[in-house]
Amino acid sequence: MRTKTMLGLTTALTLAVSAFAAGADTIKIAFIDPLSGPFAGTGTNGLHQYEFAAEELVNKKGGVLDGDMFEIVAFDNKISPKESLIQLQVAIDQGIRYIAQGNSSGVANALTEAINKHNRRNPDDRVLFLNYSAVDPALTNDKCNFWHFRFDANADIKMDALTDSIVSNDEIEKVYIIGQDYSFGKAVASAAVRYLGEKAPEIEIVGNELHPIGKVKDFTPYSRKIVASGADAVITGNWGADMVGLGKSVLENGFTGPIYTYYAAADGITAAFGDAGVGSLRLVAEGQLNPPPNDRASEYIQAFKAKYPDGNLSQARITNVIEMLAKAINEAGTADDVVPVAYALAGMEHESLWGGNLMMRESDHQLIQNVHIMEHTSDVVHDHDNSGFGVKVVKTVEMAAADSPTTCEMRRP
Amino acid sequence: MDLILVNLIDGLVTGLLLFMLSAGLTLIFSMMGVLNFAHASFYMLGAYFAFQISLYLGFWMGLLIAPLVVGVLGAGVERYGLRRVHQYGHVPELIFTFGLALLIEELVQFIWGKNQMPYATPEILQFTAFSIAGNSIPAYKIFMIFISIAIFIGLLYVLTRTRVGMIIQAALTYPKTVEALGHNVPLIFMGVFGVGTALAGVAGVIAGPVLGTFPGMAFVLGSIVFVTIVIGGLGSLWGALVASLLIGWITTFSKAYNLRMEDLLTWLGFTKPEPIWDSAWRDLWSITSPQIADILPYILMVLILIFRPYGLFGKRDA
Amino acid sequence: MTDQLTTDPTKPAQRIGAGSLTVPLIPWVLAAALLMVLPFIFTANSAITIMNQMAITIIFALAYNMLLGQGGMLSFGHAVYAGVGGFACVHIMNMDDFFAQIPLPLLPIFGGLMGMGLATIVGAFSTRKAGTVFAMISLGVGELIAACSVIIVAFFGGEEGISGDRTYGMPFFGVEFLQQIEVYYLIAAWLLISAALMYLYSRTPLGRMANAVRDNPERAEFLGYSARWVRFFSFVASGFFAGVAGALFAINYEILTEENLNTTQSGLILLATFLGGVGFFFGPILGAIVFTLVQTVLSLQTELWAFYLGIVFVVTVMFFPGGLAGLLMMHVPAMRLGKLGRLGVPYLKTLGSGAIGCLGAAGLIEMTFHLRHASAGDHSMTLFWITFDSHTILPWIVAIAVTFVGLGIARRTAPALAEAWNEANTPDGAPR
């Protein structure tokens, strides 16, 4: 029995490790995100955007350095911190130096700490963490480290832009804040309270509550409360099924005011809202799809849709990740030693494919960029979920929060 | 006061939906002694089948056909799966249904993908039936209430007034005797399993448009159905009804009103530790009722199992 | 009644130590040697990480089987005992002064005690009844504690969990556990210790009584044993080893999250244990190994790994309720008769072709999946190291042919296998 087990073990382990010992002229980026389970849709779509960006923006232009090509290697973390750490180890063993991850701040927290420890304990094969989507402010504040770069605007920056929009709308006197009961939901709620208090103390917060994440079957009781409170606007950081459930329930219940969200677009959400969301759903995000910022962006979107008809360009920032990484590697003159690459990335300025400038802030490795308020509408050139609906920019905050404070005390090698 | 009425209606809808699931499950349990972990998966299949059918034939044909398909599937599972596992004992049976639940979820993802399906309520029911103090009650909810009540009455009638129902009730308690009288007990088992899963299918068809049709919908509802029938008493139809409504109203009301643990503790005579953010008990003091609304049924179940293991209406031990 | 149970184990334990323990000593020595050598065969860090994960799952599965296999108690919330033990250990790691005084290898004891403490509290009311009542209470308590993990942030750290650094402990003979390989040996040592202890436990009168209570609680009661207390002690012991597994998890990953507590985790350990086989002590070990490989290695190869796992699991429950261990042990009688060799050729014929047929079927599933979900224009897919166009007819014909021929041959040769099986299990000269 034991020999049998051994044999199986040998084949399986060698399989896992040897399958990737391919060519030498590729720079591999490990994509560690959920590719199975309830969030696989988001993860797979993100993977496609990475593959497309690497192909279109780097490889077709001759690669980096002396023609080295980017290759995206996918790892399924099942949105579990434990699995992410295993896959991180597998990726490092394959000689991968760049780790991209975005879904769930919980996973990002686990990864950034593991990478920090790994780089300290193994100076010979250090890696960089390209966080393209996890927006927990702590990642670039208390928990920041030299190896972590965030390409999305964090929850505080987005809330800053979002509250600007609320304050400029005279019709909003009462606001209801609702979110999922975990670190991100709490960060959104406290940022909303803080910014509203600073900018417009006369706006009344009529409700501020958290609901269990992913467990609520029916949002009706919550939406009853929201309507009964007489709120003019709702702020929520909900995503996934919780976003659809809450939004639909609130709208069905007769709420007509704006619903300010972080993640109410793409991945089936746009299609699920359809006509019901028009006039109500607002979204704060970076990356402008509608109206198309320039011809290059339009061509890029069309090419992407031609290749992935069911896909969505839901995370525009992925092109920024790829372009800035390529630029940094060229500047550093090496892809194997990540320290010069990290130094090149920190402080880098770049012009985004989606219009506007980007600046990777040196003090905390937070990308400073334009943040937009968008609305859910059918008046779009590029829709989401092939539903005829999409998001259109209605307001832009340029280089949002460029001088915002940070508590990051970064130790540099 | 108005809000109480609105919440009563909302809780009723939730409770009756839960009842349609738990009715089938409790029948299956009392007959075969099997807790069917895959029951909520049949609910999910009902929603997905109905969605697929509604694309071609409209919502109403979906409501008619999908439960039948689910029922036939369920009967097939009993005939070719459970009956085989039955010989090994109860624990493997339970584990079998557990595995089946996992498999069905994977299968649904394989066929329909991982995103939510745009399954919508029929247009004829997309209007506001009436509104109470600014809170609108959609017509679809009224429709759900009527369907569930009709099913309950129908079920009660069949079980207590018809010959088939008599045989089923007899087979519940004395399967050997019923078999000796010449009835085909395995066939009855298969039939009950089929009807039970078909009921779950109906629940899926009518809940899919409002609660969302996505691969996680079975998991979200899965264990709460068990909790319902355990609280109500295994094998009791009335128990299932009472427990479903109880859970529906408890969760709805605790979400609708922000009762705070702080008030309760103060009322009990505890003093709030200062400063609160430094105290080890800070999370206990900050709990509000919406936060714990969805785990209240579990607390209720554990308490009931400790003090009254046969549930509210049950006649025998679980 | 309880007096008997608490005093009795001392005497017979000595008897067992002298007698029945000498025989099964060889597998243990072999296992220890194997654990020593493995890192020299698989040197990659990722392989070591996977082996660490495997070892942790083995301990957890063995602890779980103390309930399911030996005690007949089906728990749907056992992850909480491992999880709480792990959380406690991370908290100890974060207590700088205290942690600096204890060497890391002793940490699992604290985790175990924590798991045991929780199991004592819960077991006090949940073990009064076996069967459905126990299963449902375990489910309820599991859900409660998992839900608490996001509410009670001070202990569980909310959704992002809590993390620590294992290297701040007192150096253990100069080892600071910076490298994975050092952690591997720590975990391997604990694996041996816990497995041996759990094995010995199953040999004590208490362990034997757990079997009796599982099979016939009424008769056990008539013999003068309290079924409830027997279940309670099994539960507490199982809680201890689950806590050890949780502590090792904390050491290996240095982070614990809600995921360690939730019902999914509890379900997975049930799956792993049952897949390996609950009837034999080594069953959960097999199950944990196979399960970890599927989860970490197969998932790199295909997105559909959970689908295959589900199929394998359902098939196991339906046709091989003894699990992998049961399958292996079926061959013991034939081996005793010295006729195991005669099964070789029929096995190769039936199982070999059956396996090829299954691979063909898996290929069909993969191709269907690719056809439905791959990007437009992306027609090429790679399967079993062959790259082809999934939109042409030829690969489909090949896959269908392989499936049907493979399964067909398996079906045709099955009677011959059954014949050989009977033959191999019949002593020579015995009347047929």
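In the predicted model, helix 5 of chain A passes helix 6 of chain A in a right-handed crossing. Helix 5 spans residues 155–168 and helix 6 spans residues 183–199, and the two pack with their axes 9 Å apart at an angle of about 45 degrees. Helix 5 of chain A is therefore oblique to helix 6 of chain A. On the side of helix 5 of chain A, the contact is formed by Ala155(A), Asp156(A), Met159(A), Asp160(A), Thr163(A) and Val167(A). Helix 6 of chain A contributes Phe184(A), Ala187(A), Val188(A), Ala191(A), Ala192(A), Tyr195(A), Leu196(A) and Lys199(A). Divided by class, the residues of this contact comprise 10 nonpolar, one polar and three charged.

Tyr260(A) has Arg282(A), in strand 10 of chain A, as its bridge partner.

A further open sheet in chain A consists of three strands in the order 11-12-13, with antiparallel pairing. Its edges are strand 11 (349–351) and strand 13 (367–368) of chain A, and because each has a single partner strand, one side of each is left without a neighbour in the sheet. Strand 11 of chain A pairs with strand 12 of chain A, residues 357–360, over three bridges in the antiparallel sense. Glu351(A) stands opposite Asn357(A), a residue of strand 12 of chain A.

At the level of domains, chain A is divided into domain 1, made up of 26–154 + 308–368, and domain 2, made up of 156–290 + 370–397. The centres of the two domains of chain A, taken over C-alpha atoms, are separated by 28 Å. The contact between them takes 19 residues from domain 1 of chain A and 19 residues from domain 2 of chain A. On the domain 1 side, helix 2 of chain A (residues 40–58) provides the largest share, three residues. That side of domain 1 of chain A has seven nonpolar, nine polar and three charged residues.

Chain A is also in contact with chain B, where 30 residues of chain B meet 29 residues of chain A. Two or more residues of the chain B side are given by each of helix 1 (2–32), strand 2 (135–138), helix 9 (217–232), helix 10 (237–256) and helix 13 (289–292) of chain B. Among these elements, helix 1 of chain B gives the most, with five residues. The side of chain B that touches chain A has 11 nonpolar, 15 polar and four charged residues.

The contact of chain A with chain C takes 37 residues from chain C and 37 residues from chain A. On the chain C side, at least two residues each are supplied by helix 3 (25–41), helix 4 (45–71), helix 8 (131–151), helix 15 (283–301) and helix 16 (305–319) of chain C. The largest share, seven residues, comes from helix 15 of chain C. By class, the side of chain C that touches chain A has 20 nonpolar, 12 polar and five charged residues.

Helix 4 of chain C, one of the helices on that side, also packs within its own chain. Its axis and that of helix 14 of chain C (residues 263–276) come within 9 Å and cross at roughly 80 degrees. The two helices of chain C are therefore roughly perpendicular to each other. Helix 4 of chain C contributes Thr57(C), Phe60(C), Ala61(C), Tyr64(C), Asn65(C) and Leu68(C) to the contact, and helix 14 of chain C contributes Ile269(C), Ala272(C), Thr273(C) and Gly276(C). This contact has six nonpolar, four polar and no charged residues.

Key
Residues are numbered from 1 along each chain as its sequence is written. Chains are lettered from A and ligands numbered from 1 in the order in which they are written. This is a predicted model: local features need pLDDT of at least 70, side-chain atom pairs count only at pLDDT 80 or more; totals for chains, interfaces and linings use all residues. Two strands pair if DSSP finds at least two bridges between them. Helices (H or I, at least four residues) and strands (E, at least two) are DSSP runs, numbered from the N terminus. Two residues are in contact if their C-beta atoms, placed from the backbone, lie within 7 Å. Ala, Val, Leu, Ile, Met, Phe, Trp, Tyr, Cys and Pro count as nonpolar, Asp, Glu, Lys and Arg as charged, and the others, Gly among them, as polar. Domain bounds come from an automatic or database domain assignment. Axes are lines fitted to C-alpha atoms, for helices over the stretch in contact, and angles run from 0 to 180 degrees between N-to-C directions. Angles under 35 degrees count as roughly parallel, over 145 as roughly antiparallel, 65 to 115 as roughly perpendicular and the rest as oblique. A crossing is left-handed if the near helix is turned anticlockwise from the far one by less than a right angle, and right-handed if clockwise.
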